[in-house]
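Please have the sequence and the model at hand while reading.

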Amino acid sequence: MIMHRGFGKFPRTVPWLVATASALLIALNVSAALASTIFPNTRIRLTLVQWMPTKGSYEQWTAVGGDYTVSDEGTIIVPLLGAISVENKDEAALASAIAKALKERIGLVDEPAASVEIIKYPPIYVMGDVKNPGEYEFRTGMTVLQALALGGGELQAPDTTASPEVVIKLVGDAKEIDDSIMRTAAKIERLEAEMAGQTTFQSKQEPNDAVAIAVGRQEEAIFSARANELSRQTKSLTALRDLLSSEIGVLEEKMKSTDANINSAQQQLDSTIALVERGALVATRQAEAERTMRSYQDTRLDLTVLIMRARQSISQTTRDLEGLADRRQTEIASTLQTERALMSSLQLKKATAQKVLMETLSSGASLEPAGKPKIEYMIVHNNGGKSTETLATETTSMAPGDVLKITRNAPHPTPPSISPDTSEPIVPDAGQ
């Protein structure tokens, strides 16, 4: 085999340029996505205000505004509007869409002033050969190198034994995550029963798990208490409406009696006027009859006002009764959305914890390879329920909810040294 000094230089440069260009394109694409996308499980705050000309001030819509969590489907549940998609929208576009929808739904002359603020991004997860794997808060502009620094910065060196304390802690963390998943699942089960309008609820927890049975009974007690509260409020408003209806009935009976008195007083007044004209009675008797007539008429007007007020109270009570169920459904839908987002986060944490535990246990059989290991970065991104893996470099930008996997690979074999170029070709001997 004949080898020359310049052999192999150009083939090394091309892959390096390709890798650098690919990493730059990935970073630019992720940065563009962060600037124009609200990711699932992001916590946002919606603020709505409207100018009130009659008061000369702005009023905030606290019933519609508030904190919302974007679901895995990329929606938020807004009162009066229902599910609003955040797909392909930034904060300004989402605020504009909500304001326009409210204007059309309510029939406003002008759109309310709306603003959307991102309170908290979904966390990122660092796993693999790092010092402190786990969940970390996402910050805008975060790169793979910064995420690596959050994970401890120094790569874990393989050890012949796994520390018992580390294993116990990882097992405890996994058990805590399982317990949180079980409690969240029981709560979601109860909220779904309330959303469906069920009159009774029985938790479907593991029959042989004492803790799960206790949690299920707690959720059953909460379901019964909330159902009783709704029933009491409904009965109270219904009783108030029936009472007002009875009051109107009594007032109408009094109105009939007053009308009879007015007719009688009118007849007496007509007789008195006729007798006064003939000189049989003095004029004071006519004035007295007229006062009696006006008194009955005033009483009739008072009764009319009372009946109108009672009917107005019945209308208000009916609106409250009809809105009671709507408000309850809105509250349940918002809470259910939050709990489902929490369940997704817990399941991802569980998968990460299990992976970390398995890698920690299997690290006992690893041996440090000779030479410097090659570090490989892999970003796992969840997009619409589908996970995609992308090779990355230290300068690649991270997105909310990404999982960064860091792997120490065995070093490649060291290539043979190239001897300086001479006038004669280098010919290896038989031993080589």
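Predicted model: local features only at pLDDT ≥ 70, side-chain atom pairs only at ≥ 80, totals over all residues.

How many aromatic pairs does a search of the whole structure find? The search finds 2.

**Tyr121 and Phe138**

- Tyr121 and Phe138 pair edge-to-face, with 5.1 Å from centre to centre and 80 degrees between the planes.
- Tyr121 sits in the loop between β6 (113-120) and β7 (124-128), and Phe138 in the loop between β8 (134-136) and α3 (144-150), so the pair ties together parts 17 residues apart in sequence.
- Tyr121 has a relative accessible area of 19% and is buried, because the cut-off for buried is under 20%.
- Phe138 is also buried, at a relative accessible area of 4%.

**Phe201 and Phe223**

- The ring centres of Phe201 and Phe223 are 5.5 Å apart and the planes are at 40 degrees, so this pair is tilted.
- Phe201 belongs to the loop between α4 (164-195) and α5 (210-278), while Phe223 is in helix α5; the pair therefore ties together parts that are 22 residues apart in sequence.
- Phe201 counts as buried at 13% relative accessibility, and Phe223 is buried with a relative accessible area of 4%.

**Helices α4 and α6**

- The axes of α4 and α6 (residues 283-362) come within 8 Å and cross at roughly 160 degrees.
- This crossing makes the two helices, α4 and α6, roughly antiparallel, because angles over 145 degrees count as such.
- The crossing of α4 past α6 is left-handed.

Methods:
Residues numbered from 1 in each chain as written. Heavy atoms only, no water. Phe/Tyr/Trp six-rings, centres within 6.5 Å; stacked < 30°, edge-to-face > 60°. Helix = DSSP H or I, 4+ residues; strand = E, 2+ residues; numbered from the N terminus. Buried < 20%, exposed > 50% of the residue type's maximum accessible area, 1.4 Å probe, protein only. Axes fitted to C-alpha atoms, helices over the stretch in contact; angles between N-to-C directions. Parallel < 35°, antiparallel > 145°, perpendicular 65-115°, else oblique. Left-handed = near helix turned anticlockwise from the far one by under 90°.
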